[in-house]
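Dear colleague,

I am handing over the structure we spoke about, and I would be grateful if you could look through it alongside the notes below.

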Amino acid sequence: MVTEFVSKLVGKDLNNIHLTDADILKIRKNLKGVKVEVTHRGNMRRRYRISGLTALPTRDLTFPCDEQGTMKKVVDYFREVYSHNIRYVKLPCLDVGNNSRKPNYLPMEVCKIVKGQRYRKKLNENQTTNLLKATCQKPVDREKSILNTVRDNKYKEDIFVTEFGLTVSDQPTMIEARLLPPPLLKYNDTGAEQECTPRFGSWNMKDKKLVNGGQVNFWYCISFSPQVGGNDAGWFCKKLGDMCRVSGMEFKANPILPPISAQRDRLEEVLKSRYQEAVSALSRLGKLPDLLIVVLPNNNGNLYSDLKRICETDIDLVTQCCLTKNVMKASPQYLANVALKINVKVGGRNTVLADAIRRRVPIVSRKPTIIFGADVTHPPPGEDTNPSIAAVVASLDWPEIATYAGTFRPQAHRQEIISQLGEMVKEHLRSFRKKTNLEPQQIIFYRDGVSEGQFQQVLQHEITAIKTACKQLSDSYSPTITFIVVQKRHHTRLFPTDNRFADRSGNVLPGTVVDTKICHPTEFDFYLCSHAGIQGTSRPAHYHVLWDDNGFNVDELQQLTYNLCYTYARCTRSVSIVPPAYYAHQIAFRARSYLDSGSDSGSFAPGSARSGEASSTVKQLPALKDNVKKVMFYC
């Protein structure tokens, strides 16, 4: 029954229930689009799809019952017509009507959820983990599975295949691949190891110090975990501070306020009051806090999203969140990874390409160059009112290219083309000029999430928007542009034919690049597997160059893209797609969490929907505060 589902969903007894706004929002999100069948009409089990919830509880709900518009209470109608006394009158009704016709209200207790429906909502973290464990296959098993499927399809006996004169091989295509060398990474000269050449796509921080260690002079800690009190949080912060100092950061040993524990339902109150206490403590120095360390429960629901929204769009403070299970263990490897994230959040740099320092990166080192990454995330199925979110990041530190600033904008629902790209590009170009005192003469733009059918739209709209943005800054400003689409959602898999070219997981080695046979016969594209496989079968990234004024040859662009994959700030591993595109995805995901955690409080403003779009208004997102947007807060 729907009532049983709702009781489990909100964790409350329905007999004496008081639903909060957050409860209603949660119920609406989970029930929208779900099919139900009615139980109050005997053997007539008619089915409906839920379109929403009523604004009023069932006891107050009325509807027009005749052509004269006579209003009748839902509770009275069900008692008189169906001899059913509605039990849960405090709950809202399900609206199962068609929006174009009159609404149709059904009490939750007379509806049963239809079995066997496809689940269209977003999976939670545990569900995602379990799904990946159940579906991932080792490369050798995946290859066998594909071959068996092809043989079972029996294409040679298929009359339609024969009729069209097609032949389908039952063996995979044999292709030649090249293996790109890993880059030399530069660390601080004060460490025992100043340079490092990664092996098999990974390395560690042993004997190394961050190339530019950040400063954390004023920090404090709050625990929202019942298992971690103030003393335990203080012990963890001491170990974390030690690791930050060992890694090459300046991290003050003592916090400006003693660590405290707090209840999660007082999140906003505690965050703001504690911040004001910290500001007061620093008032005589004229300083502000640099960092807040937060301990969260392992299963924290929206707590993480709410915390990030409050701190980054209201308080103006970067945070580092740590789960209880990791705080209790405080393993050196975990502490070292957290130190990497903290360093970039306070303005430091973890590592840079040695060739970039020595001005030996082809094309990029010859002139001031800015590298962009862009992505658009869309709301999950069933959410037809929330906007899509476009995010754009850009490098700020030529010639090193390791620090990226990010910005985001909401746009029309499920619109892939970035409508406000020009404004975001101008913002980044101004930031680059302010940071380096240089005007970028070359633009390299990695665009994630564009399908092949949208290439022409991207050429017409986004590349034009970049050129227009440059002209708006100055009539004489016309940097050369290279525009590359990054694709991960494809079905191409690479399997090594010899164990010499496989890593421990059985996948192709990091740096494997393919640009023949399976690529476009005339256009500039390639497949690059830049990461080491951990579990399952690695998926190479597909890079497709749509525009190139900078004159890259194949080798130069492939090596640059691969080398950049080693500069990802959050870990000491090469990653599967180029970091600017990765960062753009993370910022868009973070902005989506602002929207989700803010429930229905977001404001609406005129949107940028093109003609024919369903809506001309777009729900607005809270803006990042100034100090937060200057650093890599999204790491």
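Predicted model: local features only at pLDDT ≥ 70, side-chain atom pairs only at ≥ 80, totals over all residues.

Residues are numbered from 1 along each chain as its sequence is written, and side-chain values use heavy atoms, with hydrogens and water left out.

Helix α7 (residues 230-247) packs against helix α11 (residues 332-345) at an angle of about 70 degrees, the two axes being 9 Å apart. That angle makes α7 roughly perpendicular to α11 (65 to 115 degrees counts as such), and their crossing is right-handed (the near helix is turned clockwise from the far one by less than a right angle). In contact terms (heavy atoms within 4.5 Å), α7 contributes Phe 236, Lys 239, Leu 240, Met 243, Cys 244 and Ser 247, which meet Pro 332, Tyr 334, Leu 335, Ala 336, Val 338, Ala 339 and Ile 342 of α11. The residues of this contact comprise eleven nonpolar, one polar and one charged.

Tyr 634 lies in the segment after α17 (626-629), and it counts as buried because its relative accessibility is 2% (buried means under 20% relative accessible area, with a 1.4 Å probe and protein chains only). Leaving aside residues up to four places away in sequence, Tyr 634 touches Tyr 404, Gly 406, Arg 570, Tyr 583, Gln 586, Ile 587 and Arg 590. A polar atom of the Tyr 634 side chain lies 2.8 Å from the backbone oxygen of Tyr 404.

Key: Axes fitted to C-alpha atoms, helices over the stretch in contact; angles between N-to-C directions. Helix = DSSP H or I, 4+ residues; strand = E, 2+ residues; numbered from the N terminus. Parallel < 35°, antiparallel > 145°, perpendicular 65-115°, else oblique. Nonpolar A, V, L, I, M, F, W, Y, C, P; charged D, E, K, R; others polar. Buried < 20%, exposed > 50% of the residue type's maximum accessible area, 1.4 Å probe, protein only. Polar contact = N/O pair within 3.5 Å; in protein donor to acceptor, adjacent residues only side chain to side chain.
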